Each structure stands twice: as C-alpha cells, then as structure tokens.
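Please view the sequence and the structure together, and then read the notes below.

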Amino acid sequence: MVKRQLELIYPTNLIKEPVIYQMSKALDVVFNIRRAKVTTRTGEIVLELETPDEATLEEAIQFLTNKGVNVQPITHSTLES
C-alpha cells in the first residue's frame, strides 16, 4: 500500500462539490481528511490517501486535478506505514 498526504486547494466553484467522494468511488483509494478549512471563497484540505500502488495514487491526483482542484504534495511530514 502507498500512503501520501496532499494539500487540496479548491476554487470557489468547487467548494460544494463532493470531489473527494467522487474520486473514492471511481478509484481504489481510501481517504482520511486530516485537516480542513472551508470558507465561502476557498477550501483547503489536507488529505491522506492510501492506494494499492503508485499508479493508482497518480490516477487519484490526476482525477482531482482534472476536476479543477489544485493538488500539492506535503513533503515536510513523514507518515508511518
């Protein structure tokens, strides 16, 4: 299993869309919302994703990006397996 933390930044038009849910239904991923700050103008979420392999992780990132979410890897923290 591959586990990674990502920071998601939502534009205003996507704040009410269930993008993370849609991703989890389309791909074999388990998500855990670690932190979230959502206002009427922007949404910022720290999301932990667990996938069976690196390819599925890349597909999940691409899915979110294609929906219009800005996805940034979080590299300053180490996750335990």
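Which residues have the most contacts inside the largest nonpolar core? They are Leu 8, Tyr 10, Met 23, Leu 49 and Val 69, in a core of 20 residues. The model is predicted, so local features need pLDDT of at least 70 and side-chain atom pairs count only at pLDDT 80 or more, while totals for chains, interfaces and linings use all residues. Residues are numbered from 1 along each chain as its sequence is written, and side-chain values use heavy atoms, with hydrogens and water left out.

**Overall form**

- The protein chain has two helices and four strands, taken as DSSP runs (H or I of at least four residues for helices, E of at least two for strands) and numbered from the N terminus.
- Read from the N terminus, the order of elements is β-α-β-β-α-β.
- The radius of gyration of the protein chain is 12 Å, which agrees with the value near 12 Å for a compact globule of 81 residues; the radius is taken over C-alpha atoms, and the globule rule is 2.2 Å times the number of residues to the power 0.38.
- Of the 81 residues, 35% count as buried, meaning under 20% relative accessible area with a 1.4 Å probe, protein chains only.

**Sheet**

- Four strands form an open sheet in the order S2-S3-S1-S4, with antiparallel pairing; two strands pair if DSSP finds at least two bridges between them.
- Strands S2 (30–38) and S4 (70–73) stand at the edges with a single partner strand each, so one side of each has no neighbour in the sheet.
- Strand S1 (residues 2–10) runs antiparallel to S4 and is joined to S4 by four bridges; Ile 9 has Asn 70 in S4 as its bridge partner.

**Helices**

- Helix H1 (residues 19–26) lies across S1, S2 and strand S3 (43–51), at about 15° to S3; axes are lines fitted to C-alpha atoms, for helices over the stretch in contact, with angles from 0 to 180 degrees between N-to-C directions.
- Helix H2 (residues 54–67) packs on the sheet and touches S1, S3 and S4, where contact means heavy atoms within 4.5 Å.

**Nonpolar core**

- Such a core is a set of buried Ala, Val, Leu, Ile, Met, Phe, Trp, Tyr and Cys residues joined through side-chain atoms within 4.5 Å.
- In the largest nonpolar core, with its 20 residues, the elements giving two or more residues are S1, H1, S3 and H2.
- H2 gives the most to this core, with five residues.
- Leaving aside residues up to four places away in sequence, Met 23 touches Val 29, Leu 47, Leu 49, Ala 60, Phe 63 and Leu 64.

Methods:
Buried means under 20% relative accessible area, exposed over 50%, partly exposed in between (1.4 Å probe, protein chains only).
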